[in-house]
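This report describes the architecture of a single protein chain. The sequence and the model are shown below.

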Amino acid sequence: MAAEKLSVVKAINASLRTALENDPKVLVMGEDVGKLGGVFRVTDGLQKDFGEDRVIDTPLAESGIVGTAIGLALRGYRPVVEIQFDGFVFPAYDQIVTQLAKMHARALGKIKLPVVIRIPYGGAIGAVEHHSESPEALFAHVAGLKVVSPSNASDAYWMLQQAIQSDDPVIYFEPKRRYHDKSELDRSAIPAPLHAARTVRQGTDLTLVAYGPMVKTCLEAAAAAEEEGKSLEVLDLRSMSPVDFDAIQASVERTGRLVVVHEAPVFLGTGAEIAARITERCFYHLEAPVLRVGGYHAPYPPSRLEDEYLPGLDRVLDAVDRALAY
């Protein structure tokens, strides 16, 4: 099959459609996912083609949605739950961390919970409060959950396929500011492992590590730095739990410097764990401290101020300059 150019939204829709076609036990459920097709139209057309019993419009009750998905998984189904916006997930947090994440261990491996929770996340869409959060570290901290985020259409398609096929619960974060970015999708390709990081640009002077919405920003930073004679390697992390530390280590051993970038606040963010681990693993290879770029340790601001809050090209390049100055 020839590669096609799709937006991230269309790729996720195609992946859900493939899963629904291939396995009658796959269900899609969430607020407005059926007749409306989701607020971002990610599930557009699925209820029409697969029926209300498999693409289910739920009440506005996130805890009930996830609790129902857990029950369905116990009965052999593979529910794919949509949380409409990142900030709406917290009523379901108890179900996710005390039930979904722990049931497999609690049952000594006898019970599997193949539940995928899709969460559009991140800012830069001019939204109101509770619509632009980046809570991935809260879930990555919880043992028993897999936490991933694609940055492009190909990964959006394949990583969702792999998440649905997984017997473990997966939190699948969708970078909503990149929903309409288009890239090539080859449905006949062999995908990379779900939790493997990927080098998306090679370089020799410094490694930039990012995931989800910030991968594109880091690629833009690398292109800008090249004009000044700096060679930056960009690594798309793809998975926040587990983290592919081996890939990061291999890159840092070549470049000697590391900057980690994410939209979420720097304080106790994913970058903090990466910085600590890589400092331990690569102490004698590092030419500079591991630096982190991210949001501020403050509530997400009104949309008029979000450009000041979110890390952008200038803040990434400033960290690059500081690292290279050592």
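In which sense do β4 and β5 pair, and over how many bridges? The two strands pair in the parallel sense, over three bridges. The model discussed here is predicted.

## The seven-stranded sheet

Strands β4 and β5 belong to an open sheet of seven strands, in the order β3-β2-β4-β5-β7-β6-β12, and the pairing in this sheet is mixed. Its edges are formed by β3 (55-57) and β12 (239-241), each of which pairs on one side only. On average, neighbouring strands of the sheet are turned by 20 degrees against each other, with direction ignored.

Strand β5 (residues 116-121) also pairs with β7 (residues 170-175), in the parallel sense and over six bridges. Within this pairing, Y121 stands opposite P175 of β7.

## Strand β4 and its neighbours

With β2 the pairing is parallel and extends over five bridges; L27 stands opposite P79 in β4. Towards β5, the bridge partner of E82 is R118.

Why is β4 described as largely enclosed by the rest of the structure? Five of its five residues are buried, so the strand is largely enclosed. Both faces are covered: R78, V80 and E82 are buried on one side, as are P79 and V81 on the other.

## Helix α7 on the sheet

Helix α7 (residues 153-165) packs on the sheet, where it touches β2 (26-30), β4 (78-82), β5, β6 (146-148) and β7. The direction of α7 makes about 165 degrees with that of β7. At the start of the helix, a side-chain oxygen of N152 reaches to within 3.2 Å of the backbone nitrogen of S154.

The length of α7 can be checked against expectation: at 1.5 Å a residue, its 13 residues should span 18 Å, and the end C-alpha atoms are 19 Å apart, which agrees. Of these 13 residues, 11 are buried, so α7 is largely enclosed by the rest of the structure. Among the buried residues are D155, Y157, W158, Q161 and Q162.

L235 takes part in both: it is the bridge partner of T199, and V209 stands opposite it.

Q47 lies in helix α2 (residues 46-50). Is this residue buried or exposed? Q47 is buried, because its relative accessible area of 10% falls under the 20% cut-off.

A polar atom of the Q47 side chain lies 3.4 Å from the backbone nitrogen of K35. Beyond its neighbours within four places in sequence, Q47 is in contact with G34, K35, E52, V55 and D57.

## Annotated domain

An unreviewed UniProt entry lists residues 6-181 as "domain: Transketolase-like pyrimidine-binding". Over this range the chain is 36% helix and 17% strand, and the end C-alpha atoms are 8 Å apart.

Terms used:
Residues are numbered from 1 along each chain as its sequence is written. This is a predicted model: local features need pLDDT of at least 70, side-chain atom pairs count only at pLDDT 80 or more; totals for chains, interfaces and linings use all residues. Side-chain values use heavy atoms; hydrogens and water are left out. Two strands pair if DSSP finds at least two bridges between them. Helices (H or I, at least four residues) and strands (E, at least two) are DSSP runs, numbered from the N terminus. Axes are lines fitted to C-alpha atoms, for helices over the stretch in contact, and angles run from 0 to 180 degrees between N-to-C directions. Contact means heavy atoms within 4.5 Å. The expected span of a helix is 1.5 Å times one less than its number of residues. Buried means under 20% relative accessible area, exposed over 50%, partly exposed in between (1.4 Å probe, protein chains only). A polar contact is a pair of N or O atoms within 3.5 Å; within protein, one must be able to donate a hydrogen and the other to accept it, and residues adjacent in sequence count only if both atoms are side-chain atoms. UniProt positions are given in the numbering used here, feature names are shortened, and annotations may be inferred rather than shown by experiment.
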